[in-house]
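Here's a quick look at a pocket and some charged pairs. Have the model open as you read.

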Amino acid sequence: MTGRPPRRPGAERTGPAPFWRTKRLDQMTAEEWESLCDGCGKCCLHKLEDADTGEVHYTNVGCRLLSRHTVRCRDYANRKRRVPDCAILSPQLVDQFHWLPETCAYRLVQAGQDLAWWHPLVSGDPETVHRAGISVRGRMVPEQQAGALEDHIDETLG
């Protein structure tokens with residue numbers, strides 16, 4: 001469900017274009033950059049990469065810092081110190097993050113595409129990402145309980 005629902009008559013936007021349509025990622029303020037995160041939690045899932053093909057397989061296993069309820073990092077400011085292999089996204093490195101989901105705002109903006117209707121910056125509601133079924137809320141297993149990652153591959157998450 002990633003398509004945009006039909007607009008209600010009279011619901012057309014007026015005023016200046018939103019920042020994600022007018023700025024490159026490297027031109028955004030820190031606040032704008034952070035606001036692009038839709039809160040889906042998919043970037044904080046463990047992934048397996050096929051050594052031969054480079055294909056990335058998502059699992060439903062979340063990082064130990066990913067909250068099952070909020071689908072947000074429980075210690076965002078210290079995540080790299082607490083999870084050394086945590087990948088910190090930045091405008092300079094976004095091209096390297098081919099493993100981000102196709103719905104990710106960072107990938108979409110980098111490719112010159114618009115955000116989906118359920119993105120909180122578009123909808124004005126941080127819950128639409130969850131109601132639209134995009135987030136991992138209710139579908140995630142904590143890494144402490146998971147066991148072998150190979151047993152948790154979920155192709156619907158990428």
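How many nonpolar, polar and charged residues does the lining of the largest pocket have? There are 26 nonpolar, 4 polar and 9 charged ones, where Ala, Val, Leu, Ile, Met, Phe, Trp, Tyr, Cys and Pro count as nonpolar, Asp, Glu, Lys and Arg as charged, and the others, Gly among them, as polar.

A word on the ground rules: this is a predicted model, where local features need pLDDT of at least 70, side-chain atom pairs count only at pLDDT 80 or more, and totals for chains, interfaces and linings use all residues. Residues are numbered from 1 along each chain as its sequence is written, and side-chain values use heavy atoms, leaving out hydrogens and water.

Back to the pocket: its volume is about 980 Å³. (On a 1 Å grid over the protein atoms alone, a pocket is an open set of points where a 1.4 Å probe fits, with protein on both sides within 12 Å along at least five of seven lines; lining residues have an atom within 4 Å of a point.) Among its 39 lining residues, Cys 43, Cys 44, Cys 86, Ala 87 and Trp 99 sit closest to the centre.

Now the salt bridges (a side-chain nitrogen of Lys or Arg within 4 Å of a carboxyl oxygen of Asp or Glu). The count is 7, including these:

| Pair | N to O distance |
|---|---|
| Glu 32 and Lys 23 | 2.8 Å |
| Asp 26 and Arg 24 | 3.0 Å |
| Arg 82 and Asp 75 | 3.0 Å |

Glu 32 is buried at 15% relative accessible area, while Lys 23 is partly exposed at 28% (buried is under 20%, exposed over 50%, partly exposed in between, with a 1.4 Å probe and protein chains only). Likewise, Asp 75 is buried at 17% and Arg 82 partly exposed at 41%.

Definitions and conventions: Grid points are joined across faces, edges and corners, and a volume is the space filled by probe spheres set on the points.
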